[in-house]
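Please look over the sequence and the model below before reading on.

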Amino acid sequence: MKPARLSPLDALGSVAVTLALVALWWAASHGGWISRVFLPTPEATFASLREGLDGGELAQFAQATTWRMVEGWLLASLLGVALGALIGVSARARAYLQPTLEFVRPLPASALLPLAISIFGLSPNMVLAVVAFGAMWPVLLGTIHGFAAVEPRLLEVSRCLQLSRIDFILKIGLPNALPDILAGMRLSLTVALIVAVVGEMIASQPGLGQAILLAARAFRASELFAGIVLLGLIGLASNALLGLAEHKLLKWQSP
């Protein structure tokens, strides 16, 4: 499936909705609908954001969170594609492992933090392991689905050509599963960011998660919202970059 692209009118509508939400935020904070202790003004939030990025620690925290997200996402993608390919090429493996996958998949990564802490301690490796675990599932399931959906006639062709399992995976399976893999990787990237922030909060690792938690405990609402806005920008930029890469990689599917 060719990735959808926004028309100029859609892009204008998206900007209009964003401006409307900011205007509502401005009215709520300036109008006293919610105390500024909990809801700062947009001006105070963006001032804290500018100050934190210019000379404060916010830029360093953002860099740490982004790197933790990317590192966990890459590990999750590698494991998800490798395991998904091995499971997807075998109908018997899918039948045997499907119940186990369906049992483990719904488990929230945050629920496994106590187990990860007992194994790795309160360390960066603990957060990385939890991020990789939580972000692996969309890629794994997307890869399995992509391999399972290979055209039966291609399976017959591979048998006629006496392709090995590795050759089938590389030459037939992966190209067929690529749209599902990339869709899973886009979802996985969002999960990686969320789990990285939660891990930073619980394990006290430097990053935006820790910065947001400390700002909340000190009732520094503008700094808290600045961290949240920065997280949103990181998610938006990373998703846009991956969407562009997806469009380039799937260009061969264009009619």
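In which hand, left or right, does α8 pass α9? In this predicted model, the crossing of α8 past α9 is right-handed. Helix α8 spans residues 165-203 and helix α9 spans residues 208-217, and their axes come within 7 Å of each other while crossing at roughly 55°. Since angles from 65 to 115 degrees count as roughly perpendicular and those under 35 as roughly parallel, α8 and α9 are therefore described as oblique to each other. The residues that bring the two helices together are V197, E200 and M201 on the α8 side, which meet L208, G209, Q210, I212 and L213 on the α9 side. By class, the residues of this contact between α8 and α9 comprise five nonpolar, two polar and one charged.

Two packed helices are described by the angle between their axes and the distance between the axes, and a second pair can be read in those terms. Helix α3, residues 58-88, and helix α10, residues 221-249, have axes that come within 11 Å and cross at roughly 40°. The helices α3 and α10 are therefore oblique to each other, and their crossing is right-handed. In the contact itself, L58, A62, T65, T66, M69 and W73 of α3 meet A226, L230, L231, I234, S238 and L242 of α10. The residues of this contact between α3 and α10 divide into nine nonpolar and three polar, with no charged residue among them.

P124 lies in helix α6, which covers residues 124-148. With a relative accessible area of 47%, P124 is partly exposed, because that class lies between the limits of 20% for buried and 50% for exposed. The C-alpha atom of P124 is separated by 14 Å from that of Q63, although the two residues are 61 residues apart along the chain.

The pairs above belong to a protein chain that has 10 helices and zero strands, so that, by the way such elements are numbered from the N terminus, the pattern along the sequence reads α-α-α-α-α-α-α-α-α-α. Taken along the principal axes, the C-alpha atoms of the chain fill a box of roughly 70 × 50 × 30 Å. Of the 255 residues in the chain, 38% are buried, while the chain exposes about 14700 Å², of which carbon and sulfur atoms supply 69%. Among contacts between residues at least 6 apart in sequence, 72% join residues at least 24 apart.

How values were computed
Residues are numbered from 1 along each chain as its sequence is written. This is a predicted model: local features need pLDDT of at least 70, side-chain atom pairs count only at pLDDT 80 or more; totals for chains, interfaces and linings use all residues. Side-chain values use heavy atoms; hydrogens and water are left out. Axes are lines fitted to C-alpha atoms, for helices over the stretch in contact, and angles run from 0 to 180 degrees between N-to-C directions. Helices (H or I, at least four residues) and strands (E, at least two) are DSSP runs, numbered from the N terminus. Angles under 35 degrees count as roughly parallel, over 145 as roughly antiparallel, 65 to 115 as roughly perpendicular and the rest as oblique. A crossing is left-handed if the near helix is turned anticlockwise from the far one by less than a right angle, and right-handed if clockwise. Contact means heavy atoms within 4.5 Å. Ala, Val, Leu, Ile, Met, Phe, Trp, Tyr, Cys and Pro count as nonpolar, Asp, Glu, Lys and Arg as charged, and the others, Gly among them, as polar. Buried means under 20% relative accessible area, exposed over 50%, partly exposed in between (1.4 Å probe, protein chains only). Accessible areas come from the Shrake-Rupley method with a 1.4 Å probe; for residues, only the protein chains shown count as cover.
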